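Hi everyone, thanks for making time this morning. I'd like to walk you through a few spots in one model, so let me put it on the screen.

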Amino acid sequence: MRREVRFAARSLRRRATVGLVLWSVPEALPAAASGFALAQAVDRGFLAGRPGVGLGWLAAMVLMSVVGAAGSRMVFRRLGDLAEPLRDDLVRRVVDGELRHAVEGHADDGALARLTRQVEIVRDTYAGLLMAVRGFLVTVVGVVIGLLSIAPVIALLIMPPFLLGFAAFVGMLGLAAVRQRDAVLADERLASTAGVVLAGARDVTASGTEERAAAMVAGPIAAQATAERRLAGVAALRTLCFAVGGWVPLLAVLLAGGWLVSRGLTAGAIMGGLTYVLFGLQPALRNVVSGVGGSGLRFVVTLGRLLDATAAPPPSTPPHRATQGHDIRLDGVTFAYGPHAEPVLRDLDLTIPAGDHLAVVGPSGIGKSTLVSLVCGLLRPDAGTVTVGGAPAAALPVDQRAALRVLIPQEAYVFAGTLWENLTYLRPDPPAGELDAAVAAVGAELLVARLGGYDASVRPAELSAGERQLIALVRAYLSPAPVAVLDEATCHLDPVAERRAEEAFADRGRTLVVIAHRISSALRAGRVLVLDGTGAAVGDHATLAATSPLYRELVGHWQPATATPIP
């Protein structure tokens, strides 16, 4: 629980906290003055035969309540300044964690639930927790001041049992958090096990294994019931703590009434003390017990699960691996999306020498993009090896992988910012003239002119898919990476623009791998890899036209289209 408290404390903003404390002062006025005003109304007014004075003190109580309400209004207006930074910190943490997992190849299906439901639970319970704790402190400080103003001896009767009950409640919070977490985990285990059994209900009935299925869920059911009983025991302890802190002070004042009168205390003073207990301390303790004991535990448990799920792993950056050249080799590579799925690639052997221009063709869904992910180190093969320069592609550190290859997917990524920032993202400070040369080589001059030059602001939603691809192509062309992989990166360009872009990359003399959207990309490549689902064939155009039926079919269906410039 300490970890969760420290995280919440780090999210507090000093200015917002000071504002909340300052506006809590007028809010504390009714708690501090109600008992005193009632004592004065009784002793100096009604019992003294001066009802006007008594009513005047009661009117003062009403006025103080109005002032307190105004303070409460401003407190709620400041609450968002404290709760929203915590939410923002959590959102950043969840997004960073999911991006880190995705880069490592471990996508997390629960990230969406954490980003929406769990973050909002933490934000809401945190706000309620702040209000409960702040209200408790404000009330206690006000009540102590009021009791001392009436008679310190009454404060000595009331405050020790009240503080004892509160201290007992604080002492059991650690146990309560553990019991709450155990109940949540037991409930999740039961739901998971029951879901598996219910999903196979027909098979269970058909095979007559009802007893075995019942035995599977019996353990989680018993564990969940035990966890709930223990949680109920914690609730009983909370009730006991409230009884000690809320009712024992009242009994203490009532039992000591005769003694207090004998010491010269007036009826008004005793009534004022009882008022502080009934309308100050009891509601404050009830609110903090229910708030911290209920919403507070949800806050701790949910925040703890968020912190566990998004915790950064201990530093274990793979060592920088020396690579020899930039040859890409796939030896006996097999890959399937799941242990029971059919392999997308099976026993694939392929060598892509440095400087090679390879086009990959095949029907949709045959594994072309999977091959790209393996070559780029985004996926690990189930069998075989994928190496770049002799080093395993997926084992290279992220920064080394990024320095070796640049990948442009079909859906090009363009971010809000200037055109210069988008184009130079992979090479922030290009030498003079290189950006202009890259724009001209790829064929993006008209786009740059239409947008208003390099300093123009880019709004991705206002760009066509082809324009976004041109920006990504210029960005990749500027990259110093020796390997460029275009995964249908020109599919939204017309054939003329596609040819110009691909030839620009090929003319650089670096390795170029193109997942072909049109068969014309294969005709321009030095070598072609054909994937047909059962095997792979690699060679130049003439060789494949003579040996690969699928390649002949793909070429036969292609007819050169009349070029139409992109908008």
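Let's start with a cysteine: Cys241 has a relative accessibility of 9%, which is under the 20% cut-off, so Cys241 counts as buried. Keep in mind, please, that this is a predicted model.

Now, the other cysteine I picked is Cys376. Is Cys376 buried or exposed? Its relative accessibility is 1%, so Cys376 is buried. Cys376 takes part in no disulfide, and the nearest cysteine sulfur, which belongs to Cys491, sits 17 Å away. For a disulfide, the two sulfurs would have to be within 2.5 Å. With that rule, the count of disulfides comes to 0.

Back to Cys241, and to a helix pair. Helix α5, residues 152–171, packs with helix α8, residues 210–255, at an angle of about 180°, and their axes are 8 Å apart. Angles over 145 degrees count as roughly antiparallel, so that is what we call α5 and α8. Cys241 is one of the α8 residues making this contact, with Arg238 and Val244 also among them. On the α5 side you'll find residues including Leu157, Phe162 and Phe169. Sorted by class, the α5 contact with α8 has 13 nonpolar, 2 polar and 1 charged residues.

One last stop, friends: Ser24, in helix α2, which spans residues 14–46. Ser24 counts as buried because its relative accessibility is 5%. Which side chain does Ser24 join in a polar contact? That of Arg134, at 3.2 Å. Setting aside neighbours within four places in sequence, Ser24 is in contact with Val75, Arg134 and Val138.

Thanks, and I'm happy to chat about any of this.

Notes. Residues numbered from 1 in each chain as written. Predicted model: local features only at pLDDT ≥ 70, side-chain atom pairs only at ≥ 80, totals over all residues. Heavy atoms only, no water. Axes fitted to C-alpha atoms, helices over the stretch in contact; angles between N-to-C directions. Helix = DSSP H or I, 4+ residues; strand = E, 2+ residues; numbered from the N terminus. Parallel < 35°, antiparallel > 145°, perpendicular 65-115°, else oblique. Contact = heavy atoms within 4.5 Å. Nonpolar A, V, L, I, M, F, W, Y, C, P; charged D, E, K, R; others polar. Buried < 20%, exposed > 50% of the residue type's maximum accessible area, 1.4 Å probe, protein only. Polar contact = N/O pair within 3.5 Å; in protein donor to acceptor, adjacent residues only side chain to side chain.
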